[in-house]
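Subject: Structure handover

Hello,

Here is the structure we talked about. Please look it over, then read the notes below it.

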2 protein chains.
Amino acid sequence: MQIILLSGGSGKRLWPLSNNTRSKQFLKLLPAGGDATESMVQRVVRQIRDAQLTDSIIVATGANQKDIISNQLGGSVEVVSEPSRRDTFPAIALASMYIADKKQCSSSEVVVVMPCDPFTEVGYFQTIEKMASEVEHGKADLILMGIKPTYPSTKYGYVVPSQQHNDGIAFSVERFTEKPDEKRAAELISQNAFWNGGVFAFRLGYMTDIVKQQLDVNSIIECYDRYAELPKISFDYEVVEKASSIVVVPFSGLWKDLGTWDSLSGEIKKESIGNVVMGDNNSGTLVINELNIPILCEGAKDMIIAADPDGILVCSKEHSEGIKSLVEQVKSRPMYEERRWGDYKVLDHTLADNGYESLTKQLHLKPGCKISYQLHHCREEVWSFIEGEGIIKLDGEETSVKAGQVVRIKKEQLHGLKAITDLRLIEVQLGTNLVEEDIVRVELDW
Amino acid sequence: MQIILLSGGSGKRLWPLSNNTRSKQFLKLLPAGGDATESMVQRVVRQIRDAQLTDSIIVATGANQKDIISNQLGGSVEVVSEPSRRDTFPAIALASMYIADKKQCSSSEVVVVMPCDPFTEVGYFQTIEKMASEVEHGKADLILMGIKPTYPSTKYGYVVPSQQHNDGIAFSVERFTEKPDEKRAAELISQNAFWNGGVFAFRLGYMTDIVKQQLDVNSIIECYDRYAELPKISFDYEVVEKASSIVVVPFSGLWKDLGTWDSLSGEIKKESIGNVVMGDNNSGTLVINELNIPILCEGAKDMIIAADPDGILVCSKEHSEGIKSLVEQVKSRPMYEERRWGDYKVLDHTLADNGYESLTKQLHLKPGCKISYQLHHCREEVWSFIEGEGIIKLDGEETSVKAGQVVRIKKEQLHGLKAITDLRLIEVQLGTNLVEEDIVRVELDW
């Protein structure tokens, strides 16, 4: 079995911890035994392995999430990154072509597509196993998971089943209803409708045939190059709702979208995380501090307080679902990012009246990891090494560096950095027009 | 008339904005017309000038507040800083010796001692004028201000008057009662007792005679050198309660101690200060943000949110009076300080496992101001200039510096910096044992 994990989203509802590169599925906040924590995507991958579904997990995502996925999941998954953000149909099409071409899987291989962020239990993965078995037994071309609703939600699509099959597992599908109002949702539930949980199983050939009807491509390279020609449409609209041979397999256990602070805080079994002093008069309040300055919280009732280099949120749980529009009013660049080689946080960004800019970061490289050999046109950099040992490559020459050393990199000067131990440095960028894009990467691996 | 303004306190109740060097009286939060704000001490000095009481203001304070006072009040006041923190009697003694010796005032000069942080109105300063007049007319050796109580406070000392004098202004003093319980306070108020507001008037000779009884000194230098021999006792205990010739002059107008977030927020006529996005569902809440990252606040009721480089407070107004004990649990160095030459904030402090440390700051020097010519034994510094122009002195040689330049200062290397325009730089300190005290100042002015 091949699993395609869909990883997208910008996660404004979990601001400031989530941003354009750190979507909600990457927040390491869920309890993982003892003091350890894991992110939603780490949890789902662990659960797939625990259920022994497969070792072949392909994460379909955008280029901006590639680094954080390899940072959190390492080499345990394959990543197929879209050349541009379109929608779930093109993303699943690309991942399917990857499985067919790059992995040379046969067209009869069972493929399961699933989101990377539901908070679920073991029964969910047992249901996926049943879905795969339904595909193998030829019960239908497309099998989808129906989640038993727990309330008349207006956020989900509904699947109305007709009669149950003889195997006691699958139901035929009568029709789909997208995000109904609450009254209509209650009616649908009384008709035994399920939520569409975004989990689909099919044979690889089923999907590659659909792709080839849209676009005459035979290789992953071709599909990648002509990606912009694929329609910008969801898998639900383009495939599921048009399918003639489709059944739904129900799941009725724990299934939650931890997409708001209110819902997420319910699963974090702590009162505070990070450098926090809590008074005796707080109740129902969660404080998460990823800054290196302390938070003191007293007398807060049913609130979420979350701080990281992007900003500080102080919000009642009651209003936490509605912060998205407020977050859009916040103007700032991402101040914390996880990268392939480690992570960085922005310490300071100063813009002088004459357009001269400085950006001060603390960078952390993991042992053995490296920053590409690169140059910048518009900025100089000053690296002050504050912890660990590494190798620096400057104009072709490699020398060792360690804590206490200072290196100045001029405009147009080629430079790369490799960590031997955990390596930390303060980087001061000086110049005009300090944008991320001012990088010419000469070698990614050197 | 000479006014001695007493400036002390560590201000843990207004954490994080106040700390050991920035006591509550230095927070620039009070409305001062238009968008302008002023600190409590700036307000009191302005009010003294508006009332045309005197141009001679001497601030008696500790060495740690000397820089912030000159930053906020410039050359408009004189500063007498104690060699060590003792109590109000030695502080007033030192300031009185300064007036007698350094300013060569006669022993008949009227001296008024007052705290620097009451939130008052014009009548308070008119009362001070009456007190000075009482001294001049020889009504008593010592005149103190009695504040008409507004509630049975347990925080203040009480002055119980006997009969009023013929002038209709002063009352004789029957006795003093220190911080009573609430029941006793209510009884005192029914006996027309006043709060002791800490405002005293006397002739200079009255105080210098008392000092000389304690310590055989004739000059400010002697008094400074032998400061530790003066008893560590308050002016109230040592002078006021022993005085044989004393009267109290009442004041019954606005007089508030803005020493807690609850009381201070009542005088700040804004909902938010700094980079803050407020939702529509907040009420009775004040957000003050001195960080350069945004705060988003929604659904908060009757709360104080205050953030600066020292930390972040989220507290109900109801519990804001009790945060002092929580603040004592917060462990961190001061992250923002105002200095003689400008101000700095700490951006990052990293301590590696092997004891190697780095401290990253953004420094701001005001035009014309300079950092002393100095050296360090245990640390190197890297200065990346990000805004403005200045002069750097390195090993005796002066050269100009401007935004975009980088200067590395080695251990034991003499260095000084002078701003021509507003000058900003990122300073990365690298070394072991990065303490403020690792400075050898060779020249303060160069």
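First, a term: helices (H or I, at least four residues) and strands (E, at least two) are DSSP runs, numbered from the N terminus. The model is predicted, so the following limits apply: local features need pLDDT of at least 70, side-chain atom pairs count only at pLDDT 80 or more, and totals for chains, interfaces and linings use all residues. Residues are numbered from 1 along each chain as its sequence is written, chains are lettered from A and ligands numbered from 1 in the order in which they are written, and side-chain values use heavy atoms, with hydrogens and water left out.

**Backbone points**

B:Pro16 sits in the loop between β1 (2-6) and β2 (30-31) of chain B. Chain A has a cis peptide bond between A:Trp15 and A:Pro16, with omega about 5 degrees. A:Pro16 lies in the loop between β1 (2-7) and β2 (30-31) of chain A.

A:Gln104 has a positive phi, near 55 degrees, and is not a glycine. Look for A:Gln104 in the loop between α3 (88-102) and β6 (110-115) of chain A. As background, most residues other than glycine have a negative phi, and most peptide bonds are trans.

**The interface**

How many residues does each chain bring to the contact? Chain A gives 61 residues and chain B gives 61 residues (contact means heavy atoms within 4.5 Å). Together the two chains bury about 4500 Å², 69% of it on carbon and sulfur atoms. Buried area is the accessible area (1.4 Å probe) that two parts lose on being put together, summed over both. On the chain B side, B:Leu296, B:Ile312 and B:Val314 lose the most area to chain A, together 15% of what that side buries.

That side of chain B divides into 34 nonpolar, 17 polar and 10 charged residues. The classes: Ala, Val, Leu, Ile, Met, Phe, Trp, Tyr, Cys and Pro are nonpolar; Asp, Glu, Lys and Arg are charged; the others, Gly among them, are polar. The salt bridge count between the chains is 0 (a side-chain nitrogen of Lys or Arg within 4 Å of a carboxyl oxygen of Asp or Glu).

One strand pairing crosses between the chains. Strand β19 (residues 311-316) of chain A pairs with strand β17 (residues 295-298) of chain B, in the parallel sense, over 4 bridges. Two strands pair if DSSP finds at least two bridges between them. Here A:Leu313 stands opposite B:Leu296.

**The sheets**

In chain B, 5 strands form an open antiparallel sheet, in the order β26-β25-β28-β23-β30. Its edge strands are β26 (397-402) and β30 (440-443), each pairing on one side only. β25 (residues 389-394) meets β26 over 6 antiparallel bridges in chain B, with B:Lys393 opposite B:Glu398. These two strands form a hairpin with 2 residues between them, and B:Asp395 in the turn has a positive phi of about 50 degrees. β25(B) also pairs with β28(B) (residues 415-419), antiparallel, over 5 bridges. There B:Leu394 faces B:His415.

Chain A has an open antiparallel sheet of 5 strands in the order β26-β25-β28-β23-β30. β26 (397-402) and β30 (440-443) of chain A each have a single partner strand, so one side of each is left without a neighbour in the sheet. β23 (residues 370-375) and β28 (residues 415-419) of chain A pair in the antiparallel sense over 3 bridges. A:Gln374 has A:His415 as its bridge partner.

Best wishes
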